[in-house]
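Have a look at the chains below, then read on.

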Amino acid sequence: MSPPIVTSRGVTKVFTLGSVQTQALRGVDLEVREGEFLALVGPSGSGKTTLLNLIGALDVPTAGALTVLDRRVAELTRGERAELRLRSIGFVFQAYNLVPVLTARENVEFVLELQGMGTGRRRRATEVLEELGLGELADRHPRELSGGQQQRVAVARAVAARPRLVLADEPTANLDGENAEVLMHLMRDLRTAHGMTFMFSTHDPRVVEHAVRVVTLVDGRVARDEEKPPEPPHEILPGIGKRLPSAGARP
Amino acid sequence: MRPGVGSRYAWRSVRRNIRRTVLSVAGIGFGCALALFVDGVNRGKDEFYVRVAAETGTGHLRVVPAGWRLRRDADLRLTDGPAALAAARALPGVTVAVPRARAQALLAMGTHVVPLELVGADPALEPRADRLMRRMERGHYLVPGERGAAVVGRAVAERLGADLGDEILATAMGFDGEIQSALFRIEGVVATGSEDIDASICQVALEDLEALTGRRGPGEITVILGDWRQAGVARDRLSARLGGGSEVLTWHELAPEFEGHLRQDTASARLVTGLIIAIVLLGVTSAQLAAVLERRREFAVLSALGMSTRRMVGLLLQEALLLGLAGATVGLAVGGPLVWHYARAGLDFSRWLGSSYSFQGIILEPILYLDFGLWLLPEALVISLGSTMLASLYPARFVARTDPAVSLRVAQ
């Protein structure tokens, strides 16, 4: 069994707004191992986004111990957390959140530039987009792309720097069924090809079908944690794994 | 070389809301142009005041006998006037150097008496050094070689009841302490536009003053420079060439009250410039903050992608730099021609001030010529870039303090 890359022990998160306190997480215990394809499900307000934000080092827990990629999140400075995200964690958001003034290629290239990658980052960005079937659309701006295409660019941006962990918050919420299906196949194939760990929150039962492990949160606690039997071999989408170097390799 | 994605991002962000950008650039450019104009006036005024002050007797430099500065005694004379005059004329950047001597005197004609400071001058050169001597109302200025001639101010002539061709009696203290007198014929009447100044003018040939007072040689060498800003350097050079019996003073030291006024004026101009920049700053800060608030989610996403606070602030400052450069361009495009025009045509204040006016005993013309020069370029850049950079600090601080998790939660 691969080692855990996320370990959560009794993690709680309390938000304070004026005199009102809201307990979003109430002692979450969870371990995520390298290469997992994990769905985080639960009703609205159950704490899925909060847990993803904590694991993504966007926020720090109020109490409990959270270790991500061998780093204790609560002990990291703001700058160290940004560095952890930059080097090791990819994000996919519900609303795509591409930079509107950059083309698809530039959106991907920008992350590589932030990483300090010099020459070759444009080529790398193009390769990643081609791998995800977006080579023809590389020079288009987000407004010129459909929702499904934008979300695939967002996935390309998240995986271009070959992070060990990719977090996706409701990645299919704004997509129709067909596009949601394509996106889930893409993410699953990226995981299969490169060994990246994917964690995504969702309400969509069709999306959950793709997950290998399903963690259900209710009222800020892990209510259920189910592992599915290993998925049968399937044909990987054309292009996936051909160009993108495997996770762990550095640019 | 292709610019990095970050630079392209900054450039396109500036163009994102074109109306706001145009308004911001127009605000910066207008403020910059205004500040350039105010500074053009200020620099032109400094040059103008100093030039007219220098050319109405003060000079940019003056060689005086040692000890004159303390006592301001008109009877003191230079121990080696010809050598000092030669040294002054040999100095680089000197337009003209003239010898003068002064004596307290009483002018009289009939029963009328006027006390004043009688000036002995070089008839050939004095009008080049003293522009008041070029303002002849009647008659002519002193002629080289002509003895016993005098030029008086219009008020002196009126108070004496004298006119061209009349003889006036000048009485002064002689070298030996005896009262000495001499007759002078009025050959010219000067009208400066200021009655106070007209009431103090009486010039005769230097030799005539020497004969009247019995004191030999000039009491001062007044020097006019091509560039008044070089006064300090020229003073040091000239001092090094002179003996210990004399000292060189700059116009600052000769007319400290005048320099004080100039400093006060400069401070006022800087205050006005500061206020203009402050107004521009507020406008740009407001526009920049609005832009940052609109992109709050975008910055949260950038943060989630691992962009450090430092780089996000850098991105904003890069955008400010572009705005500042555009503002400086507009400022120069508007302010440059404006300053150039008034540097040639001059700002005419005669409607309010009349044809001339005096300040601290100096006749000023009511037309002020702005200074136009290379200083416009660096100043436009400093004003525009400085104000946009400063204006971006608060929005940048806002970005630096933005919590990505909160911003993303709010945005979802």
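This is a predicted model: local features need pLDDT of at least 70, side-chain atom pairs count only at pLDDT 80 or more; totals for chains, interfaces and linings use all residues.

**A helix in chain A**

Start with helix α1 of chain A, which covers residues 48-55. Seven of its eight residues are buried, so the rest of the structure largely encloses this helix. The buried ones are Lys48(A), Thr50(A), Leu51(A), Leu52(A), Asn53(A), Leu54(A) and Ile55(A). After α1(A) comes Ala57(A), and its phi is positive, near 60°.

**Where the chains meet**

Now for the interface. How many residues of chain B are in contact with chain A? It's 31, and they touch 29 residues of chain A.

| Item (chain B and chain A) | Value |
|---|---|
| Area buried between them | about 2600 Å² |
| Part of that area on carbon and sulfur atoms | 57% |
| Salt bridges | three |
| Residue pairs in polar contact (both at pLDDT 80 or more) | 10 |

One salt bridge links the side chains of Glu109(A) and Arg8(B), at 3.9 Å from N to O.

Which helices of chain B supply at least two residues each to the side touching chain A? They are α1 (5-16), α12 (296-304), α13 (309-345), α15 (376-401) and α16 (404-411). The largest share, seven residues, comes from α1(B). Sort the residues on that side of chain B by type, and you get 12 nonpolar, nine polar and 10 charged.

Notes. Residues are numbered from 1 along each chain as its sequence is written. Chains are lettered from A and ligands numbered from 1 in the order in which they are written. Side-chain values use heavy atoms; hydrogens and water are left out. Buried means under 20% relative accessible area, exposed over 50%, partly exposed in between (1.4 Å probe, protein chains only). Helices (H or I, at least four residues) and strands (E, at least two) are DSSP runs, numbered from the N terminus. Contact means heavy atoms within 4.5 Å. Buried area is the accessible area (1.4 Å probe) that two parts lose on being put together, summed over both. A salt bridge is a side-chain nitrogen of Lys or Arg within 4 Å of a carboxyl oxygen of Asp or Glu. A polar contact is a pair of N or O atoms within 3.5 Å; within protein, one must be able to donate a hydrogen and the other to accept it, and residues adjacent in sequence count only if both atoms are side-chain atoms. Ala, Val, Leu, Ile, Met, Phe, Trp, Tyr, Cys and Pro count as nonpolar, Asp, Glu, Lys and Arg as charged, and the others, Gly among them, as polar.
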